[in-house]
Amino acid sequence: MSTRMPKIIILFASYGDGHYRASKAIEACLQAKGVDEVVLLDLMAKSHPLLNEFTKFVYMRSYKSLSSVYGWLYNSTKELQPGDPLHSLLHSLGVRKLQQIIDQFEPDIVIHTFPQLTMPRLLKRTGKSIPLFNVITDFDLHGRWIHPDVDRYYVATEELKQQIESRGIPAAHIQVTGIPIQPAFSETELELTTAPPQQAPHPLARLEQLHPGKRTVLLMSGAAGVMQDNIHICERLLQEENIQVIAVCGRNSALYNGLRAALGDHPDLYLYGYVNDIATLMKASDCIITKPGGLTLAEALECRLPMFLYRPVPGQERNNAKYLQEKGIARTAYDYKQLTEQVITLLDDEAKLGEIRSKINELRRPKAAELIVNDILDYWQNTAARQEEYSFNL
């Protein structure tokens with residue numbers, strides 16, 4: 001049997017950074033197993049750069065002023081079926097550019113971490129045979145992910161597997177692996193590097209100042225710092241003598257500067273801009289306040305953090321939040337007073353914290369990236385073996 005490693009394309013999109021982070025986690029695991037020829041491709045950015053920038057702008061604006069519109073669009077198309085005109089239109093974008101890249105790179109495998117399934121149309125047009133794998137990066141299922149020509153689906157939960165089965169996909173084609181995240185979230189000792197605005201202090205040095213007798217709240221402002229009421233949240237939490245706050249502002253310099261001006265001198269506020277490796281901050285914390293993006297939630301699960309999900313927008317965010325709340329490991333709030341009281345109440349209840357962490361242990365799925373990569377490589381080896389046997393028999 002051939003020992004050649006496959007050439008792989010991972011298709012993602014840059015709406016937020018979750019799809020990219022999942023792609024990088026898979027890429028890192030592939031490389032660790034000796035797969036050197038891996039290409040990460042943001043197809044929309046490559047094929048339709050202006051449309052990509054416009055839709056990213058609309059996506060980001062949905063957090064502030066278009067959330068109801070975005071939610072309506074998401075939920076009204078949730079049951080899309082392959083062959084529906086809209087389904088076909090959405091998956092036709094970028095087909096010409098993708099064909100150029102496929103012809104040039106000649107991949108053996110294509111992995112999707114975003115539901116832009118242009119490949120089935122391309123394979124039908126060209127007659128090529130390339131295995132396709134879908135890595136679903138939320139705790140919610142949208143019809144855009146489903147296509148009968150996809151060979152494998154990798155999902156976060158048993159419930160998602162059942163939903164995909166109900167769409168007519170055989171159970172053997174669906175693996176419950178969890179959402180792929182970087183191995184740093186499973187490691188015990190890490191180095192952390194940052195590139196925050198305004199030259200904030202090195203985080204590792206500041207983390208050494210955390211008070212061991214206080215509860216630590218990690219406040220993640222979300223993609224590009226979109227989460228609202230950060231100053232009010234910090235002010236209220238820091239009134240509690242037993243709470244310290246790690247606030248991460250992302251690339252939002254205005255938010256970072258505003259928090260620094262208002263609370264920068266507070267000894268229990270640890271303020272950062274953009275952080276490349278969030279794992280150390282999660283491991284230093286007792287709970288997390290965040291927007292419910294799939295990758296952040298998977299990372300928090302791996303670090304066994306109770307979650308407070310603030311003002312999730314309608315669509316996959318709200319559906320993610322609903323699922324984790326029903327599992328008893330997350331709480332949702334829509335104003336900062338409700339949010340901060342939820343946090344304070346939980347952190348004062350050791351028994352409840354232990355109960356939530358036990359429920360997290362039941363749901364978390366360590367080493368998702370490795371499970372996914374192992375299955376993909378097994379599929380590749382088995383396919384290669386069948387092809388060699390067929391050629392030999394000829």
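Predicted model: local features only at pLDDT ≥ 70, side-chain atom pairs only at ≥ 80, totals over all residues.
Residues are numbered from 1 along each chain as its sequence is written. Local features need pLDDT of at least 70 and side-chain atom pairs count only at pLDDT 80 or more, while totals for chains, interfaces and linings use all residues, and side-chain values use heavy atoms, with hydrogens and water left out.

Q: Why is Ser285 called buried?
A: Buried means under 20% relative accessible area, exposed over 50%, and partly exposed in between, with a 1.4 Å probe and protein chains only; Ser285 has a relative accessible area of 9%, so the residue is called buried.

Q: What makes the pair formed by Leu281 and Ser285 a polar contact?
A: A polar contact is a pair of N or O atoms within 3.5 Å, where, within protein, one must be able to donate a hydrogen and the other to accept it, and residues adjacent in sequence count only if both atoms are side-chain atoms. The backbone oxygen of Leu281 lies 2.7 Å from a polar atom of the Ser285 side chain, and therefore the distance falls within the 3.5 Å limit.

Q: Which residues does Ser285 touch, leaving aside its neighbours within four places in sequence?
A: Ser285 is in contact with Thr216, Leu218, Ile246 and Leu305, where contact means heavy atoms within 4.5 Å.

Q: Why is Val58 called partly exposed?
A: Val58 has a relative accessible area of 32%, which lies between the limits of 20% and 50%, so the residue is called partly exposed.

Q: Which residues form a nonpolar patch on the surface with Val58?
A: Leu51, Phe54 and Phe57 form the patch together with Val58.

Note on methods
Patch = residues over 30% accessible without salt bridge, like charges linked within 9 Å, V, L, I, M, F, W, Y side chains within 5 Å. Areas by Shrake-Rupley, 256 points an atom, 1.4 Å probe, with all protein chains shown as cover. Salt bridge = Lys/Arg side-chain N within 4 Å of Asp/Glu carboxyl O.
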